[in-house]
Amino acid sequence: MTTETTDAGPGAPTHAISIRNLKKSFGDNEVLTDISLDVDHGEVVCVIGPSGSGKSTLLRCVNLLEQPTSGTVFVGDDEITDLDVDIDRVRRRIGMVFQSFNLFPHLTVLQNLTVAQTKVLRRSRSEAKQVALRNLERVGMLHKEDAFPAQLSGGQQQRVAIARSLSMDPELMLFDEPTSALDPELVGEVLAVMKALAAEGMTMMIVTHEMAFAREVADRVVFMDGGVIVEEGRAVDVIGDPQHVRTKSFLHRVLNPMVIEPDEVSEEGVVDVV
């Protein structure tokens, strides 16, 4: 997979996602600073970094849930930052899975998967049901088609949310910390579904704090801090042998959460909040 952000020449294949000089500010707070990044078709890119580094904002800019302050974002050949773009049409090609599951509580699992198909894609109820059942089977939730979200565990709800996105036949999937709201024992079942999607060749951009998953599944890892891309490359390199001091510091803290560094302790012996 390509690890450099280069402009495609004439006749070159279009990237699945192409971001150039992206900036995003909330008032005087600039949370993204001159971000340029490509994601190729069939590539899995994991975005890691500390809280507040701009990871989720970057992801939300890809489908215009956040309006960039400046810069361009292409999804395939469509520039979604163009004021004249039909964003609803482009969004139909993008699946989005959030931290919270966002299922309709008054609808069954099956109904959650069919409602957008019939209203947005104009599929018949029978076709929508067939597609829904097929995707529930993909995520191991076929036996819960008649259940309501409140009857499911968090991991089951997130798998249903993934199946719902897949039922819209997306060309690429965006995941925003999909396991952060789950109890530790439920994380594995969701990651297993995402791993299977990667094996099928689904293009995915994933904001995650699951380092083992990123190292095993990602073609490329992007480390962000302070609204910029600090380091990117193959997962085995960025996570296993980071080159930048900020990447090293972050991974050390994540992979060794019980270790207290000397500079984290004040003269009174109290751990400083970082």
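## Terms and model

A residue is called buried at under 20% relative accessible area, exposed at over 50% and partly exposed in between, using a 1.4 Å probe and protein chains only. Strands (E, at least two residues) and helices (H or I, at least four) are DSSP runs numbered from the N terminus.

This is a predicted model, in which local features need pLDDT of at least 70 and side-chain atom pairs count only at pLDDT 80 or more, while totals for chains, interfaces and linings use all residues. Residues are numbered from 1 along each chain as its sequence is written, and side-chain values use heavy atoms, with hydrogens and water left out.

## Strand β3

Strand β3 covers residues 44-48, and five of its five residues are buried. In a regular strand, side chains alternate between the two faces of the sheet. On one side of β3 lie Val44, Cys46 and Ile48, on the other Val45 and Val47, and all are buried.

## Neighbours of β3

Two strands pair if DSSP finds at least two bridges between them. β3 runs parallel to β8 (residues 203-207), joined by four bridges; Val44 stands opposite Met204 and Cys46 opposite Ile206. With β9 (residues 220-225), β3 also pairs in the parallel sense over four bridges, and Ile48 stands opposite Phe223.

## The sheet

The six strands of this open sheet follow the order β6-β7-β8-β3-β9-β10, with mixed pairing. β6 (94-97) and β10 (228-233) are at the edges with a single partner strand each, so one side of each has no neighbour in the sheet.
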